[in-house]
Amino acid sequence: QVQLVESGGGLVQAGGSLTLSCAASGRTFSNYRMAWFRNAPGKEREFVAAISGSGGSTYYDDSVKGRFTISRDNAKNTVFLQMNSLKPEDTAVYFCAKYRGVNWDDGMDYWGKGTLVTVSS
């Protein structure tokens with residue numbers, strides 16, 4: 001069983017920055033591929049960014065590329081999402097999730113409860 005707990009959400013003005021954190025349980029965290037998703041009001045959950053177990057490979061949705069950075073600290077069992085140049089359309093509940101397997105299309109098997117990010121115009 002893996003538990004994921006997000007933190008760092010809040011209210012920020014457009015153009016501002018926030019860093020989200022996701023603390024994970026489990027003794028093999030460095031083996032986990034991890035990702036961030038978001039759920040904007042009235043929209044389906046969408047992929048934001050993903051990172052390999054070592055942190056050497058990262059992937060981003062086009063909507064956040066160049067503004068968001070995903071990273072991880074395996075010694076602290078934590079994955080981060082640094083969000084810069086925030087826009088009102090980035091307003092959403094952000095979820096941390098763990099990939100089920102070793103392939104990028106394996107799907108997710110554990111999810112956090114989410115943290116709310118609100119970007120005011």
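The dialogue below takes up the sheet and then the disulfide.

Modeller: This is a predicted model, in which local features need pLDDT of at least 70 and side-chain atom pairs count only at pLDDT 80 or more, while totals for chains, interfaces and linings use all residues. Residues are numbered from 1 along each chain as its sequence is written, and side-chain values use heavy atoms, with hydrogens and water left out.

Colleague: In which order do the 4 strands of the open sheet lie?

Modeller: Strands are DSSP runs (E, at least two residues), numbered from the N terminus. Two strands pair if DSSP finds at least two bridges between them. Here the order is E1-E3-E8-E7, with antiparallel pairing. Strand E1 (4–7) and strand E7 (68–73) are the edge strands, each pairing on one side only.

Colleague: Over how many bridges do strand E3 and strand E8 pair?

Modeller: Strand E3 (residues 18–24) and strand E8 (residues 78–83) are joined over 6 bridges in the antiparallel sense. Thr 19 stands opposite Gln 82 in E8.

Colleague: Which residues does the disulfide join?

Modeller: A disulfide is a pair of cysteine sulfur atoms within 2.5 Å. The structure holds 1 disulfide, and it joins Cys 22 to Cys 96, with S to S 2.1 Å. Because Cys 22 lies in strand E3 and Cys 96 in strand E9 (residues 92–99), the pair ties together parts 74 residues apart in sequence.

Colleague: Why is the disulfide of Cys 22 and Cys 96 left-handed?

Modeller: The disulfide is left-handed because the torsion about the S-S bond of Cys 22 and Cys 96 is about -75 degrees.

Colleague: Is Cys 22 buried or exposed?

Modeller: Buried means under 20% relative accessible area, exposed over 50%, and partly exposed in between (1.4 Å probe, protein chains only). Cys 22 counts as buried because its relative accessibility is 0%. Cys 96 is buried, with a relative accessible area of 0%.
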